[in-house]
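Subject: Structure for your files

Hello,

Here is the structure I said I would pass on. My notes on it follow below.

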Amino acid sequence: MATTYKAIATVTVGSGGVTSISFSNIPQTYTDLVILVSGRTDGSGNMCMQINGSTTSYSQIRLGGTGSSVYTNTSTGQSGASGNSFLAGISGASSNTANTFGNAQIYIPNYTGDRYKVGSSESNQENNATTAYMELFAGVWSNTSPVTSITLLTYDTGGKFVQYSTATLYGIKNT
Amino acid sequence: MPTKLVVDCSTGVTTEVELTAEEIAQMEADAEAAAQAKAEEEAAAAAKQAEKEAIAARLGLSAEELSTLLS
């Protein structure tokens, strides 16, 4: 990893799981942010992201593959169990091979600026079967506020990230 | 009680917090709204598909021919 990456914070989910993972008080001293997730949920594996706790003004495009087919869609955010948000990728699902975790990288450039905030992600599941989803997302949060907090949520009603799921927030400087 | 993990990046301290009754109620309301939106989306898609098939039938096209025409 480039030396301009700095791990700001990392978290590992404990026993019992959690409904969301939040990074708060994000320092405003970097150029971009990256979140790496090794995650598994007790449901579909779909993972959402909210910025600054906002549940409005998201829109996104998605390109995905199942292992046997592909799909695309656009939407004004994702109205999941967590309210409107970005879909931030796919993590491991309860139907996946036991003890496997999905992987996602979420990139948020210019997070301190005064323009609308954009993000993109690439993610995949690990599953010893034909069906293993991979997805690419790009989205915009139509709000000019600096990004000070990011929350990762599961898409499913009452869903949880299971134990040993991890998320690490990196700050990136351009020099 | 469901919980959430909050990492304070200024201190590095991670806290596991129980969701409040308001947060749980909001989550349930959001889920209900999402389910309703999904049902409406699926109904609209089904109606559109039925309309396409009706037009195809009037034109004497099979479903396969219509699919080829639209692909």
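pLDDT is the predictor's confidence in each residue, on a scale from 0 to 100. Chain B averages a pLDDT of 85, and 99% of the residues score at least 70. For the complex, the predictor gives an ipTM of 0.85 and a pTM of 0.83.

Some conventions first. This is a predicted model, in which local features need pLDDT of at least 70 and side-chain atom pairs count only at pLDDT 80 or more, while totals for chains, interfaces and linings use all residues. Residues are numbered from 1 along each chain as its sequence is written, and chains are lettered from A and ligands numbered from 1 in the order in which they are written.

Helices (H or I, at least four residues) and strands (E, at least two) are DSSP runs, numbered from the N terminus. Among the elements of chain B, β1(B) has the highest mean pLDDT (93), and helix α2 (residues 63-70) of chain B has the lowest (82).

The interface. Counting a contact when the C-beta atoms of two residues, placed from the backbone, lie within 7 Å, 21 residues of chain A are in contact with 19 residues of chain B. On the chain A side, β1 (5-12), β2 (20-24) and β7 (78-80) each supply at least two residues. The largest share, 5 residues, comes from β2(A). By type, the chain A side divides into 11 nonpolar, 10 polar and no charged residues (Ala, Val, Leu, Ile, Met, Phe, Trp, Tyr, Cys and Pro count as nonpolar, Asp, Glu, Lys and Arg as charged, and the others, Gly among them, as polar).

β2(A) also pairs with β1(B), in the parallel sense over 5 bridges; two strands pair if DSSP finds at least two bridges between them. A:Phe23 stands opposite B:Val7 in β1(B).

B:Ser10 sits in the loop between β1 (3-8) and β2 (13-18) of chain B. Leaving aside neighbours within four places in sequence, B:Ser10 is in contact with A:Asn25 and A:Pro27. B:Ser10 is exposed, because it has 12 other C-beta atoms within 10 Å. The cut-offs are 20 or more such atoms for buried, 12 or fewer for exposed, and partly exposed in between, with C-beta atoms placed from the backbone.

The sheet in chain A. An open sheet of 8 strands runs in the order β1-β13-β3-β9-β10-β11-β5-β6 (chain A), with antiparallel pairing. β1 and β6 (70-75) of chain A are at the edges with a single partner strand each, so one side of each has no neighbour in the sheet.

Within this chain, strand β5 (residues 58-65) and strand β11 (residues 134-141) of chain A pair in the antiparallel sense over 8 bridges. A:Ser59 has A:Val140 in β11(A) as its bridge partner. A:Ile61 is also found in strand β5 of chain A. A:Ile61 is partly exposed, with 14 other C-beta atoms within 10 Å, and touches A:Thr74 and A:Ala138, not counting residues up to four places away in sequence.

The core. A nonpolar core is a set of buried Ala, Val, Leu, Ile, Met, Phe, Trp, Tyr and Cys residues joined through C-beta atoms within 7 Å. The largest one has 42 residues, of which A:Leu33, A:Ile35, A:Cys48, A:Ala88 and A:Leu152 touch the most other members. Beyond four places in sequence, the contacts of A:Ile35 include A:Ile106, A:Ile150 and A:Leu169.

Regards
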